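Take a walk through this model, one contact at a time. Keep the sequence and the 3D view side by side.

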Amino acid sequence: MKLNQPDWGESSHSIAFTVEIREEKLLFHVIFNAYWEPLDFELPRLDSAGENPWRRWIDTSLDFPHDIFEWEIAESIPGYTYPAESRSVVVLFTEV
């Protein structure tokens with residue numbers, strides 16, 4: 001799924017969006033994939049140096065205890081796409 005190119009069609013089963021919490025200096029990128037197949041979602045680029053700042057907080061497709069991480073140990077995401085499994089919710093975050 002491409003950034004800034006939402007599929008508003010009747011058969012669309014996915015959406016992603018970014019939310020900023022200014023007071024906490026945090027950004028969240030939320031992915032909902034209700035489609036029956038995995039989809040790759042393009043992530044916003046925030047760092048001009050090319051380093052990806054996004055870290056995975058929640059991925060409901062993963063087994064416990066890897067489905068939700070504590071902030072301090074949340075893993076960095078390699079690259080600028082995230083493979084969201086079918087029928088899953090993903091929440092990524094970064095500090096700004």
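Start at L39. Leaving aside residues up to four places away in sequence, L39 touches M1, S14, N33, Y82, P83 and A84. Contact here means heavy atoms within 4.5 Å.

Before going further, note the ground rules. This is a predicted model, in which local features need pLDDT of at least 70, side-chain atom pairs count only at pLDDT 80 or more, and totals for chains, interfaces and linings use all residues. Residues are numbered from 1 along each chain as its sequence is written, and side-chain values use heavy atoms, with hydrogens and water left out.

L39 also belongs to the largest nonpolar core. That core has 12 residues: L27, I31, L39, F41, L43, W54, I77, Y80, Y82, A84, V90 and L92. Strand 2, strand 3 (39–42), strand 6 and strand 7 each supply at least two residues of this core. A second, separate core has 8 residues, including F28, I58, F69 and F93. Two terms need their cut-offs. A nonpolar core is a set of buried Ala, Val, Leu, Ile, Met, Phe, Trp, Tyr and Cys residues joined through side-chain atoms within 4.5 Å. Buried means under 20% relative accessible area, exposed means over 50%, and partly exposed lies in between (1.4 Å probe, protein chains only). In soluble globular proteins, nonpolar side chains tend to be buried together.

Strands are DSSP runs too: E, at least two residues, numbered from the N terminus, while helices are H or I runs of at least four residues.

Now move to L92, another member of the largest core. L92 lies in strand 7. Is L92 buried or exposed? L92 counts as buried, at 0% relative accessibility. Its contacts, not counting residues up to four places away in sequence, are L27, F28, H29, L43, W54, R55, R56, W57, I77 and Y82. E70 is 22 residues from L92 along the chain, and their C-alpha atoms are separated by 12 Å.

What about the rest of strand 7? Of its 8 residues, 6 are buried, so strand 7 is largely enclosed by the rest of the structure. Look at its partners next. Two strands pair if DSSP finds at least two bridges between them. Strand 7 pairs with strand 2 in the antiparallel sense, over 8 bridges. In this region V30 stands opposite V91 of strand 7. Strand 7 also pairs with strand 4, again in the antiparallel sense, over 4 bridges. Here R56 has L92 as its bridge partner in strand 7.

Charged pairs come next. How many salt bridges does the structure hold? It holds 3. A salt bridge is a side-chain nitrogen of Lys or Arg within 4 Å of a carboxyl oxygen of Asp or Glu.

Take E75 and R56. They form a salt bridge, with the closest N and O atoms 3.0 Å apart. E75 lies in strand 5 and R56 in strand 4, so the pair ties together parts that are 19 residues apart in sequence. E75 counts as partly exposed at 38% relative accessibility. R56 counts as buried at 12%.

Then find E95 and R55. Their closest N and O atoms are 3.8 Å apart in a salt bridge. E95 lies in strand 7 and R55 in strand 4, so this pair ties together parts that are 40 residues apart in sequence. E95 is exposed, with a relative accessible area of 59%.

E20 and R22 form another salt bridge, at 3.6 Å between the closest N and O atoms. E20 counts as partly exposed at 44% relative accessibility. R22 is exposed, with a relative accessible area of 63%.

Finish with the backbone. K25 is not a glycine, yet its phi is positive, about 55°. K25 lies in the loop between strand 1 (14–21) and strand 2 (26–33). Its relative accessible area is 53%, so K25 is exposed. R87 also has a positive phi, near 50°, in a residue other than glycine. Look for R87 in the loop between strand 6 (81–84) and strand 7 (88–95). R87 is exposed, with a relative accessible area of 57%.

One last stop is a peptide bond. Which residues does the cis peptide bond join? It joins F64 and P65, with omega about 10°. P65 lies in the loop between strand 4 (55–59) and strand 5 (75–76).
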